[in-house]
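Work through the exercises below with the model open. Try each task before reading its solution.

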Amino acid sequence: MKIQDIQAIQLLLATPKKIVIIPHRGPDGDAMGSTLGLYHFLIKNNHQATVIAPNDFPNFLAWLPGSETVKIFEKETEICTQILEDAEIIFTLDFNAFHRTGEMEHTLAKLKATFIMIDHHQKPDDYATYTYSDTSYGSTCEMVYNFITFLNKKEDIDKTIATCIYTGILTDSGSFRFPGTTGNTHRIIAELIDLGVENTQIPVLLFDNSSFSRLQLLGRALQNMKILEDHKTSYMTLTQEELDSFNYVKGDTEGIVNYGLSIKDIVFTAIFIENKDEGIIKISFRSQGGFDVNQFARDHFNGGGHSNAAGGRSEVSMEETVKKFEDLVTKLKL
């Protein structure tokens, strides 16, 4: 981050401000960990801070400290809009384009507040006054840790802030398996553990609290898996009917896509999940090695993300979407 930007932000934060912190729509562990970590830091420094999420977050993140204070734009649109209009500073975390906030997009575009972006995705939009954007980082939470350090406030990171930051690093790094995980990532993790983070308990809260119906849904997704052996690709599908039959709740499909890469010689995988309420097929892509799923998602499925992890969407039927995917894969050199 530029020194002059850090100095300007230090000056901005030198006196109490009304601040809103926003994650992307469909917030995951990194989005919620980074926003709540920053929230606790700002509260500690006497600011009037509020986290406003575009829509609800998964139940497996509800234990995060401060999650009960998060306002949901979808549920409290009028109140949230007023808070946004009154804000002096707005942090946008773990996304870099307003459209990633869904229905909030039009509200955000009208605001006069000072925007500060902290994000690790490619091709950021230019809406922010101050931008900390770096695709080399495996998580926005690692960048929030750096951001607090840049402000010469590292001593403010306590167990509560550390717990939020640890959660985002853990989830977005694929439990430290993804390429963005560096030696410095582990050094930060070590510092967070030294601050009291319950590193043996957090993975249990995140990954080992599945309902029986979620495990059944996972089983169905695995049953639906198809292998395109000649093209080193796998994919899974879940229809709305299948989701409903296993009592789907938000977060139940989190991480399922990664199973497609656990098969020997597979380098590209996807999961297609039907959402009839929105009239779309939601898609997650994963790869290992040099194949860039971010570019694939941008080029063909109105999406984007990281080189090895991206998302997209399709507005045609499941059958048409899968056929398009298979046709594209046959032209790839993997």
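**Exercise 1.** Find the bridge partner of I90 in strand 5.

Solution. Strands are DSSP runs of E with at least two residues, helices runs of H or I with at least four, both numbered from the N terminus. Go to strand 5, residues 114-119. The partner of I90 there is F115. Now widen the view: strand 4 (residues 89-93) pairs with strand 5 in the parallel sense, over five bridges. Two strands count as paired if DSSP finds at least two bridges between them.

This is a predicted model: local features need pLDDT of at least 70, side-chain atom pairs count only at pLDDT 80 or more, and totals for chains, interfaces and linings use all residues. Residues are numbered from 1 along each chain as its sequence is written, and side-chain values use heavy atoms, without hydrogens and water.

**Exercise 2.** Give the strand order of the open sheet, then its edge strands.

Solution. Six strands run in the order 3-2-1-4-5-6, with parallel pairing. Strand 3 (71-72) and strand 6 (130-133) each pair on one side only, which makes them the edges.

**Exercise 3.** Which residues of the largest nonpolar core touch the most other members?

Solution. Such a core joins buried (under 20% relative accessible area, 1.4 Å probe, protein chains only) Ala, Val, Leu, Ile, Met, Phe, Trp, Tyr and Cys residues through side-chain atoms within 4.5 Å. Of 48 residues, I21, L42, F91 and L192 touch the most others. Helix 6 (residues 159-172) supplies the largest share, seven residues. A second, separate core has 19 residues, including L228 and F285.

Methods
Buried < 20%, exposed > 50% of the residue type's maximum accessible area, 1.4 Å probe, protein only.
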